Amino acid sequence: MEKMARVTTALGSNAVSGRTMFCHLDAPSNAISVCRDAAQVVVAGRNIFKIYAIEEDQFVEKLNLRVGRKPSLNFSCADVMWHQMDENLLATAATNGAVVTWNLGKPCRNKQDQLFTEHKRTVNKVCFHPTEVYMLLSGSQDGYMKCFDLRKKESVSTFSGQSESVRDVQFSIRDYFTFAASFENGNVQLWDIRRPDRYERMFTAHNGPVFCCDWHPDDRGWLATGGRDKMVKVWDMTTNKAKEIYCVQTIASVARVKWRPERKYHLATCSMMVDHNIYVWDVRRPYIPFATFEEHKDVTTGIVWRHLHDPGFLLSGSKDSTLYQHMFKDATRPVDKANPEGLCFGLFGDLAFAAKESLMSGDSNRKPYGGGDRRYPIFFFKKPDPTEQFANVSSVLNVYETEMENNRMDWFVKTAKLYLLSGKPFAELCDHNAKVAKDLKRPQVSTTWTMLRIMYSDPGNPGVNHGISKVGAIPVMNSFNMKDITVGLGSESRLDRSKGENRPDNIHLDLTNSLMNNNDENEETEGSEGPADYLFGEADLDDDDLYTMEHDNPTEDAEYVLPQEAFPLRHEIVDNPSAPEHLQDKADSPHVSGNEAETVSLTPIESFSLISIAHPQYDSNLSPSFFSPVVHEILQYYAEQGDVQMAVSMLIVLGDRIRKEIDELTQEHLYTSYVDLLQRFELWNVSNEVIKLSTCSAINCLNQASTTLHINCSNCKRPMSNKGWICDRCHQCASICAVCHHVVKGLFVWCQGCSHGGHLEHIMKWLRTKSQCPAGCGHLCEYT
Amino acid sequence: MVCQCKYDAEIGIRIPRPLGQGPSRFIPETKILQVSKVDSKTQVIFEDTFSTLGRLDNISLVMGFHPQYLESFLKTQHYLLQMDGPLPLDHRHYIGIMYRDTLESRHCSYLVNLHVDDFLQVGGNPKWLNGLEGAPQKLQSLGELNKILAHRPWLITKEHIEHLLKAEDHSWSLAELIHAVVLLTHYHSLASFTFGCGINPEIHCEGGHTFRPPSVSNYCVCDLANGNSSLDEMQSNQLVTDTSCEVEALMEKMKQLQECRDEEEASQEEMATRFEREKTESMLVASTEEEESAPTRDVSRHFEDPSYGYKDFSRRGEHVPTFRAQDYTWEDHGYSLVNRLYPDFGQLLDEKFQIAYNLTYNTMAMHRDVDTSMLRRAIWNYIHCMFGIRYDDYDYGEINQLLDRSFKVYIKTMVCSPEKTTKRMYDSFWRQFEHSEKVHVNLLLMEARMQAELLYALRAITRYMT
């Protein structure tokens, strides 16, 4: 920054310089405008109307235009504009409908020059003609635009928008006679100043009010509009029909929009509500702001670029009663903070993962992969755009394919189908489920079921003795030392963890293996820290150069571009994968790897039973609640392993024994994820059973959602879109009870053969005595 | 005439009979649209209402004068009460019951009864009906906002909002709060409308019917239609002769104002004084009419808060701070906030406000092709003026010219203490105007009040957010 300051001061007084700074105003501002020479700024608001000089490192109050004992409403400004030709001339739009001009050259304190009170409602906008000294345009809430000749006392022409309030008027910068007006109803009109009778062209730009519009300073045909619908749109007006060429979606209604000088694709916006920041957008990249100024603490009401040809300085006024000068180089760049990573599952379980190249290439000694690998790289090239100002982020996309055999979810489907969740005594359910698990070669789960049975079933009940495990064979089963159980579980998870430690490396290898680079970051302009500053300074220098030499036309293409340099694509280094295949698979799809724990954890179970046998038998009358913490832990363990199936099944089978121990929200989460999984596997019946058996109200009501039944009118056979019992088209009550001939509003039951029916009760009553249709059609109705 | 009704009484079945004469106490039944005779568009709207609500309430019947508005109104109400929204259904209806809290003589059973039924129907806890104390803490904390909003909305500060949002266990979310605020303002303004048009209770509601068999002394339903209405017509005919020049005078004034607007340009101080004068005067236009009382379902006793009665709200001598309309408008600020927190609803409200504000048939009483925009604007701004909302670009002298005293009394009563509105007030303003036009005025009042309250509440929320 210092360097630049030095450069600019060296170039003479005409250059613009400064730093990010602000000053407190006495009152909220509504609008600001700068003098042609960019040295002064006028701030206008309901209770403020002042001129500040912009100095090197501060704002200095030059003049207070609000004079008189009792300031009239004429001072209450909605908008202000400083003439770009005559530096003594200002115009304001007052909230009471007056248009006032001010002559700073007047010797007395009151600088008010002319007062036009032709508008009946608040004037929203005033605009001087860019080249004509005496021409002023105003747009008002009353729906009229008026053009004033400042040499006359009255308006010279009035333009009726024939619609609602005018929110903004802007003279075209290049086209002498044209101006654009934006309206509260979403329209934008183009007028020829010579033809007040009819607009030249009208189009609907936004949904809801268009708060602002701005002509592109260089490009003749471009008009940017901002509306309450949170959009900024750029229109190409050169064609017959206004064509939307860019659209930027912001997060709040757009109050002001201003093209950034010297940058073809940049514009600054601020919002009217909620959002206090000022954004500078590159319209070609509408999803993320190019730069953000976050200084204001209340909504920004006015923004203006300080100098017509200098993109580095932005002035802004705000409701928080401050006036800011923002330096572009101090702006935050959201792009830098953005996280260009994406992850997505494919239809067949493939996993695609895209990430910033720099993140992936951190590992320099990448391990290549052997032949026949399932992962394949995808290249994507982007044609370098010389005007691109964003630092190009090259991403790497990896696609991981899942190996079908290893990750088959058969066990899940089978388990889901075979598990019994209700309908039998607790012990039997446990045994059944343990057997199912065992058959599917999931001994850990199986053992857990057995343990549950042991913990919770009545110790005196001999019926549970036909256990499958060795543990089950011991007559008194509630005899575990709890410590041992936890130790047992603990050792399992420890083992698992140690395995997990192993895993990251593998993943890493996998990822780096398949690294794909396309190094198209061939140019770098205003992107990251180091080089950007340098470039920036240079750009300024160049601009200043131009000004001092009195060049009037700016360079056509102001964007600075480094000569294109292409990095050669790196060779892919090939190496053999060191990790065993099946571990890779697990790493690839952690979501479906719930089964891995069981396959590996055979040993701990073995030791488990050994421990239990080795211990002496304790008092068998432990209350079931004694086990709750452990069961809770087990449940959590399974949930964390990704085996929600086990967790939910346990929850359901144990029922009240455990329910109170686990908070509602966790239960709900478990249920929803399990139901979701079941539905993905199209196990509708099981999922319904689970929903039915769940005790969470949130889950129970899942079955009550989207129970809409679409029916057609019995008269005209058209769909009854609106209500159940009256047809929109033929205005007839569609569902009439065949027995009582009244309209059925509640449960309507009908025979599928003759489609006659009626109130449930009535039909039931009728059928008790007769078998023919009550409507008299002779059909022998059948109801299930 | 011997009534066959008597037979029913002998059989021993108690048959409810309508108490009132049609949907409104103020408007003779014959003047109200007959459901069977309306045009097809209105018919469709009525059918829709009937099929969604299972009833065609008296409010809709009266609003049926203005089908365009009715459609928007019902759509908004339906969205507000039935569709997706941050608040659970029972809460929504409960807030509808809460509004009653704001009335002095709590005999507006109409809306409350409707909502008590709806509340129970959506599975609301009957215990809550025992009073605000029976309701969850969260709803209780809304009580304060409800009262202020109804009577002195200018007192709402961001502290109120903060209090609601920052309560530890029973805090509201912003979205819920917006929903609640919209509901409250909706009911407050709807109350104005029901009283302003003298809406009769529904037949199925308490106070809406009687079991007393009709007798000679208590005229029979059968002869209600001819006898009573003819009397009414006689009265109105009389009135027409009395004040036949009223409409002309008003139109003349409008014309004058239109023409001489540019001639005399009042100074700024003058404008400010005019606004202040209207504002203070609106405080003083007190209703001298005595109240009627009607028996109702006694929900009220539970809702009473002895420490905070309506008397405290007497606005005599109180200074209402001025709210500059241009600094916080519905179109720019309110809409954005509502739509942000309660998606799509801003749009619906916006449409409703616009329809209400722009509704015109270019008629005044018997005159056609009249530009009524000036009159409508005067009414709208007068109501906002009562809430201290000032438009910089409006000359409040116009109000004085266009709205006569009896009309102001009516407006003031309706907005500030709607339950005191009487038939006399209703009859005494704009005597030759059609009933539909008076209903139109009521719609304006209702929407203007709703917008005013909303603006204050939303401004406080905005201030809280910044």
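Predicted model: local features only at pLDDT ≥ 70, side-chain atom pairs only at ≥ 80, totals over all residues.
Modeller: Residues are numbered from 1 along each chain as its sequence is written, chains are lettered from A and ligands numbered from 1 in the order in which they are written, and side-chain values use heavy atoms, with hydrogens and water left out.

Biologist: Let's start with rings: how many aromatic pairs does the structure hold over all chains?

Modeller: Rings of Phe, Tyr and Trp (its six-membered ring) pair if their centres lie within 6.5 Å; planes under 30 degrees apart count as stacked, over 60 as edge-to-face and the rest as tilted. Counted over all chains, the number of aromatic pairs is 33.

Biologist: What kind of pair do A:W222 and A:W259 form?

Modeller: A:W222 sits in strand β19 (residues 222-227) of chain A and A:W259 in strand β22 (residues 254-259) of chain A, so to speak 37 residues apart; strands here are DSSP runs (E, at least two residues), helices are runs of H or I with at least four, and both are numbered from the N terminus. The two ring centres are 6.0 Å apart, and with 40° between the planes the pair is tilted.

Biologist: Is A:W259 buried or exposed, and at what relative accessibility?

Modeller: Buried means under 20% relative accessible area, exposed over 50%, and partly exposed in between (1.4 Å probe, protein chains only). A:W222 counts as buried at 9%. A:W259 counts as buried too, and its relative accessibility is 4%.

Biologist: Why is the pair of A:F293 and A:F328 called edge-to-face?

Modeller: A:F293 lies in strand β25 (residues 291-293) of chain A and A:F328 in the loop between β28 (322-327) and α2 (334-337) of chain A, so the pair ties together parts 35 residues apart in sequence. A:F293 is buried at 3%, and A:F328 is buried at 1%. The ring centres are 5.9 Å apart, and the pair is edge-to-face because the planes are at 75°.

Biologist: Which residue lies over the face of A:F328?

Modeller: A charge sits over a ring if NZ of Lys or CZ of Arg is within 6 Å of the ring centre and within 35 degrees of the ring normal. Elsewhere, A:R333 lies over the face of A:F290 at 4.7 Å from the ring centre. Over A:F328, at 3.5 Å from the ring centre, lies A:R260.

Biologist: Now the two chains: how much area do chain B and chain A bury between them?

Modeller: Contact means heavy atoms within 4.5 Å, and it takes 29 residues from chain B and 34 residues from chain A. Buried area is the accessible area (1.4 Å probe) that two parts lose on being put together, summed over both. Here 50% of it is on carbon and sulfur atoms, and the total is about 2900 Å².

Biologist: How many salt bridges does the rule find across that interface?

Modeller: A salt bridge is a side-chain nitrogen of Lys or Arg within 4 Å of a carboxyl oxygen of Asp or Glu. One joins A:R46 and B:D392, with the closest N and O atoms 2.9 Å apart. Across the interface of chain B and chain A, the count is five.

Biologist: Which element gives the most to the side of chain B that touches chain A?

Modeller: The elements giving two or more residues include α2 (40-53), α13 (268-284) and α21 (435-465) of chain B. With seven residues, the one that gives the most is α15(B).

Biologist: Why does the salt bridge of A:R46 and B:D327 join two chains?

Modeller: The closest N and O atoms of A:R46 and B:D327 are 3.0 Å apart. A:R46 is buried at 8%, while B:D327 is partly exposed at 28%. The pair joins two chains because A:R46 lies in a loop of chain A and B:D327 in a loop of chain B.

Biologist: Which residue makes a polar contact with the side chain of B:K138?

Modeller: A polar contact is a pair of N or O atoms within 3.5 Å; within protein, one must be able to donate a hydrogen and the other to accept it, and residues adjacent in sequence count only if both atoms are side-chain atoms. B:K138 lies in helix α7 (residues 137-140) of chain B and is buried at 18%. At 3.0 Å, its side-chain partner is B:E176.
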